[in-house]
Amino acid sequence: MVWSWWPFGLSGDEANCDVVEFQDDDAPAAPNFELLTAEWEELQIAVVRGFLGTKEVDEVMQMKQHFTLKEINDRDDELVYSHEVWRMEHELKEALPHIYHRLMNHCRAFDAELWHEIESGDRFFPEIEYIVYDVARLGEAGKIEPHTDNQSQVTVVVLLSHENEFQGGLNHFEPGFDGGENRTARLKRGDAVFFYGDQCMHWISPVVSGRR
């Protein structure tokens, strides 16, 4: 029914955000993934099939009913988008710590594998968002234009809805090579895509029907 976008960045207010600090240089091994290659390492993208299992997807989705999540509206004024979004990093860590820590470990692993930016002692402020593109509720197509995520070392998109519940809504990324074409990650329920959000331009095609 819905999907979640999870940025992981080098900025934040410690009073409101969880804080993650990596104490050593031994990153966990990256899981199996599909690589969207690029000439520049900061544009490399990792697709993880089955990042969340069916039961785990259901558990994440149920959090919207079990917790009073904070709805936010903090997008840049110049960014064109149409969706609803709630923050949930504290709730996820409390209710589903195994998923929260898997997410943190995967972020660290993919940076070590692909982008090589995180160092021992770096402190991060994860911002985990539950984003909904509901065409009927919005009264228009759900969308977000090409953009980067300011100061996000690792951005993660996890698809929580069945792909037959909406039309459109594909994840797109800038070309990985000069003169190349835009790249697309076609996700199924539970799949995730990891990328360097501050450097890699990304967007989705309009959700023209249904709920993503």
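In which sense do S4 and S15 pair, and over how many bridges? The two strands pair in the antiparallel sense over 3 bridges. The views below come from a predicted model, in which local features need pLDDT of at least 70, side-chain atom pairs count only at pLDDT 80 or more, and totals for chains, interfaces and linings use all residues. Residues are numbered from 1 along each chain as its sequence is written, and side-chain values use heavy atoms, with hydrogens and water left out.

**View 1. Strand S4 pairs with S3 and with S15.** Helices (H or I, at least four residues) and strands (E, at least two) are DSSP runs, numbered from the N terminus. Two strands pair if DSSP finds at least two bridges between them. S3 (residues 34–36) runs antiparallel to S4 and is joined to it by 3 bridges. Valine 47 in S4 stands opposite glutamate 34, and valine 47 also has valine 193 in S15 as a bridge partner. From S4 (residues 45–48), Ile45 and Val47 point one way and Ala46 and Val48 the other, and all are buried; buried means under 20% relative accessible area, exposed over 50%, and partly exposed in between (1.4 Å probe, protein chains only). In a regular strand the side chains alternate between the two faces of the sheet.

**View 2. Strand S11 pairs with S15.** The pairing of S11 with S15 (residues 192–195) is antiparallel and extends over 4 bridges. Threonine 155 has phenylalanine 195 in S15 as its bridge partner. Of the 8 residues of S11, 8 are buried. Glutamine 151 lies in the loop between S10 (142–147) and S11 (152–159). Although glutamine 151 is not a glycine, its phi is positive, about 65°. Its relative accessible area of 47% makes glutamine 151 partly exposed.

**View 3. Strand S9 is covered on both faces.** Glu129 and Ile131 on one side of S9 (residues 129–132), and Tyr130 and Val132 on the other, are all buried. S7 (residues 84–87) and S9 are antiparallel partners over 4 bridges. Glutamate 84 has valine 132 in S9 as its bridge partner.

**View 4. Helix H1 meets helix H3.** Axes are lines fitted to C-alpha atoms, for helices over the stretch in contact, and angles run from 0 to 180 degrees between N-to-C directions. The axes of H1 (residues 54–66) and H3 (residues 97–115) come within 11 Å and cross at roughly 105°. That makes H1 roughly perpendicular to H3, where angles under 35 degrees count as roughly parallel, over 145 as roughly antiparallel, 65 to 115 as roughly perpendicular and the rest as oblique. Glu56, Glu59 and Val60 in H1 meet His98, Ile99 and Arg102 in H3; contact means heavy atoms within 4.5 Å.

**View 5. Histidine 116 follows H3.** The buried residues of H3 include Ile99, Tyr100, Leu103 and Trp115. Histidine 116 is placed in the loop between H3 and S8 (123–126). Its phi is near 60°, a positive value in a residue other than glycine. At 48% relative accessibility, histidine 116 counts as partly exposed.

**View 6. Glycine 169 lies in the loop between S12 and S13.** S12 spans 166–168 and S13 spans 171–173. With a relative accessible area of 3%, glycine 169 is buried. Leaving aside neighbours within four places in sequence, glycine 169 is in contact with Ile204, Ser205, Pro206, Val207 and Arg212. Glycine 169 and lysine 143 are 26 residues apart in sequence and 7.7 Å apart in space, C-alpha to C-alpha.
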